[in-house]
Amino acid sequence: MDSLEQKIVGLIDAHREEIIAFAEDVAAHPEPGFYEERTAAKVAGFLRGLGQDVHTQLARTGVRGDWMEQDGPNVTIIGEMDAIGCRTHPMADSRTGAAHACGHHAQLAAMIGAALAFADEEVRASLSGSVSFFAVPAEEYIDADKRRSLKKEGIVFAGSGKSELIRTGAMDHTDIVLTTHVHMVPVEEDLYLGNPACNGYTAQRVTIRGKAAHAAIDPWDGVNALSIASSAIQMMGLMRETFREEDHVRLHNIVRKAGDVINSVPDEAVVETKVRAATLEAIRETQKKVDRAYDGAAYAFGGKVERELLQGYMPVIYRPADKVLKEAADDLKVCVRCVSSGDFNNACTDVGDLTHLFPVLNFTFSGFSGKLHGADFRISDPDKAYIIPAKMLALTTYKLLKNNALAAKKIVEEFTPVFGIRDYCSYIEKSCGQDAAGFL
Ligand SMILES: [Zn+2]
C-alpha cells in the first residue's frame with residue numbers, strides 16, 4: 001500500500017464505530033422499495049455533513065452525493081436502500097413487513113465508510129476524476145399493484161430503481177459503476193471478486209376472462225377462467241423439456257385470483273407469471289411459449305386473455321475480477337475468491353441493467369448468517385460486512401482514479417456497452433408493450 005492507501009484504511013478504522021452504528025440504525029428502520037424516505041434522509045444528511053453536493057428525490061427517494069470538482073472519469077459507488085418483504089424477520093417493520101434480510105444496509109454502511117475516507121482533502125486531491133455516492137431505491141421486486149400506484153406518481157420505470165434513475169438522467173455523468181452485496185452464491189471466502197453471470201427476468205400479470213354461470217344448474221353456459229389458468233400453467237410445466245440448461249430458465253406463477261364464489265363458474269382469474277433466463281433472447285423466447293400457453297388454453301375453453309407486461313431486470317453480464325479489485329483485496333490481506341466464467345447466479349438483480357450500459361466492478365462479502373431474504377438472516381461479523389467492504393470501495397476507487405486515472409480510463413476505453421442510455425429506454429418501452437408508462 002502507498003501512504004495514501006494506508007491513510008484511507010486508517011480513516012475508515014478511525015470511524016469504525018460510526019459506520020457500524022449507521023448500519024445498525026438503517027437495519028432497525030427497514031423501508032420498502034421507492035419508499036425509503038427515512039433511509040434517504042439519513043444518507044443525505046450524512047453526505048451533506050461531509051461537504052458533498054447532494055441531490056435528493058432522484059427516482060423518488062434516490063440520493064446522490066458528488067465530489068465533482070475534478071475533471072476525468074466518474075466512478076459511481078452504489079448502495080441499495082430498500083428492504084425486502086419478510087414479515088417473520090424479528091426486525092421487520094410491523095406495518096410494511098419489510099426487513100433488511102438482503103443486507104442492503106451493509107452496502108450503505110460500506111458506501112458511507114468510503115465517503116468518510118474521501119472526505120480527507122489529501123486523499124481527494126490525489127484523484128484525477130470525480131466520485132459519486134449513490135444511495136439507490138428499489139432493487140427488490142415490485143409487484144403489479146404497487147407499480148400502478150408508482151406510475152400515478154410519475155415513476156415511469158416502476159419495476160426497478162436503477163432503471164428509473166437511468167431514464168431520468170441521474171446516471172448520465174457516470175463512467176464506471178462500483179457495486180457490492182452480501183454473497184449471493186455459496187462462497188466461503190471473505191470476498192468474492194467480479195460479477196458472475198446472473199439471470200434476468202420479465203413478468204406479466206395475466207387476467208383471464210371467462211363467463212359466470214351457476215356451477216350446478218347450467219355450468220355448460222359458463223366459461224371457467226380457473227380452468228383456463230390451470231391448463232395454461234399445466235402446459236408451461238410440460239414445456240419445461242424445451243428449456244436449455246445453458247439458458248437457466250426459471251418459470252414461476254402465482255394465482256392472485258381464481259373466481260369469487262364457489263357456486264359460480266369463475267369468470268375471472270388473475271395470474272402473475274415471471275420468466276427468468278440467462279440472456280435477453282432466452283427471456284423473449286420463453287415468454288413467447290408462456291404467451292402461447294395462455295392463448296391456447298383460452299382458445300380451448302372459449303375465454304379471453306388480457307396481459308399487463310411488467311418490466312423486469314436484464315441479466316448480469318459476466319465480468320471477471322478487475323486488477324484494481326484484486327489489488328485492493330491484496331492490500332487488506334483477506335481471504336478471496338475470484339469469479340470464473342462458469343459461475344452463475346440464478347437470481348436476478350437490476351445491477352444487470354447497469355452491466356448493459358456501464359463497466360460494473362463488483363464484489364460480494366461475507367459476515368452474515370442465515371438465508372438471504374429469510375427470517376434468520378443477520379449480520380454476524382460487522383468487520384467483514386461493513387468495514388472491509390468500505391475499505392474495498394475506497395481503495396478500489398482510489399486505484400481507479402490515482403495516477404491520472406490511468407486504470408479508470410483503460411476500463412472505459414475497453415468497454416463496449418450493449419445500449420446507450422436512449423436505446424436502453426426504448427428497449428424497455430418496447431418490451432413492455434406500447435410504452436412503459438402505460439397500464440395506468
Ligand atoms: Zn439484495
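A quick definition to start: a residue is called buried when its relative accessible area is under 20%, exposed when it is over 50%, and partly exposed in between, using a 1.4 Å probe and protein chains only.

This is a predicted model, in which local features need pLDDT of at least 70, side-chain atom pairs count only at pLDDT 80 or more, and totals for chains, interfaces and linings use all residues. Residues are numbered from 1 along each chain as its sequence is written, and side-chain values use heavy atoms, with hydrogens and water left out.

1. Let's begin with Phe34. At 0% relative accessibility, Phe34 is buried. Its backbone deserves a look too: phi is positive, about 70 degrees, although Phe34 is not a glycine. Phe34 sits in the loop between H2 and helix H3 (37-49). Helices here (H or I, at least four residues) and strands (E, at least two) are DSSP runs, numbered from the N terminus.

2. Gln57 also has a positive phi, about 55 degrees, and is not a glycine. Look for Gln57 in strand E1 (residues 53-58). Is Gln57 buried or exposed? With 65% relative accessibility, Gln57 counts as exposed.

3. Now the metal. The zinc ion is held by Cys102 (SG), His104 (NE2) and His181 (NE2), at 2.1 to 2.2 Å. Donors are N, O and S atoms within 2.8 Å of the metal (3.2 Å for Na, K and Ca); water is not among the atoms, so sites may look incomplete. Along the chain, the zinc donors are spaced as C-x1-H-x76-H. Cys102 is buried at 5% relative accessible area, and His104 is buried at 0%.

4. On to helix packing. Two packed helices are described by the angle between their axes and the distance between the axes. The axes are lines fitted to C-alpha atoms, for helices over the stretch in contact, and the angles run from 0 to 180 degrees between N-to-C directions. Angles under 35 degrees count as roughly parallel, over 145 as roughly antiparallel, 65 to 115 as roughly perpendicular and the rest as oblique.

5. Helix H2 (residues 16-28) packs with helix H4 (residues 104-118) at about 150 degrees, the axes being 9 Å apart. H2 and H4 are therefore roughly antiparallel. Their crossing is right-handed; a crossing gets that name if the near helix is turned clockwise from the far one by less than a right angle, and is left-handed if anticlockwise. On the H2 side, Glu18, Ile19, Phe22, Ala23, Val26 and Ala27 meet His105, Leu108, Ala109, Ile112, Gly113 and Leu116 of H4. By class, that contact has nine nonpolar, two polar and one charged residues. Ala, Val, Leu, Ile, Met, Phe, Trp, Tyr, Cys and Pro count as nonpolar, Asp, Glu, Lys and Arg as charged, and the others, Gly among them, as polar.

6. H2 also packs with H12, at an angle of about 110 degrees and with axes 10 Å apart. H2 and H12 are therefore roughly perpendicular, and this crossing is right-handed. Here Arg16, Ile19, Ile20 and Ala23 in H2 meet Pro382, Asp383, Tyr386 and Ile387 in H12. The residues of this contact divide into six nonpolar, no polar and two charged.

7. What angle does helix H10 (residues 323-332) make with helix H12 (residues 382-414)? The angle is about 125 degrees, with the axes 9 Å apart. That makes H10 oblique to H12. H10 passes H12 in a right-handed crossing. The H10 residues in this contact include Val324, Leu325 and Ala328, and those of H12 include Ile388, Met392 and Leu395. Its residues are ten nonpolar, one polar and four charged.

8. Ser366 lies in the loop between strand E15 (360-365) and strand E16 (368-369). Ser366 is buried, at 11% relative accessible area. Beyond its neighbours within four places in sequence, Ser366 is in contact (heavy atoms within 4.5 Å) with His183, Glu189, Asp190, Lys384 and Ala385.

9. Val123 is a residue of helix H5 (residues 121-125) and is buried at 0% relative accessible area. Setting aside neighbours within four places in sequence, the contacts of Val123 are Leu4, Lys7, Ile8, Leu11, Ala117 and Phe118.

10. Last, Val305, in strand E12 (residues 304-313). Which residues touch Val305, leaving aside its neighbours within four places in sequence? They are Val206, Thr207, Ile208, Tyr294, Asp295 and Ala298.
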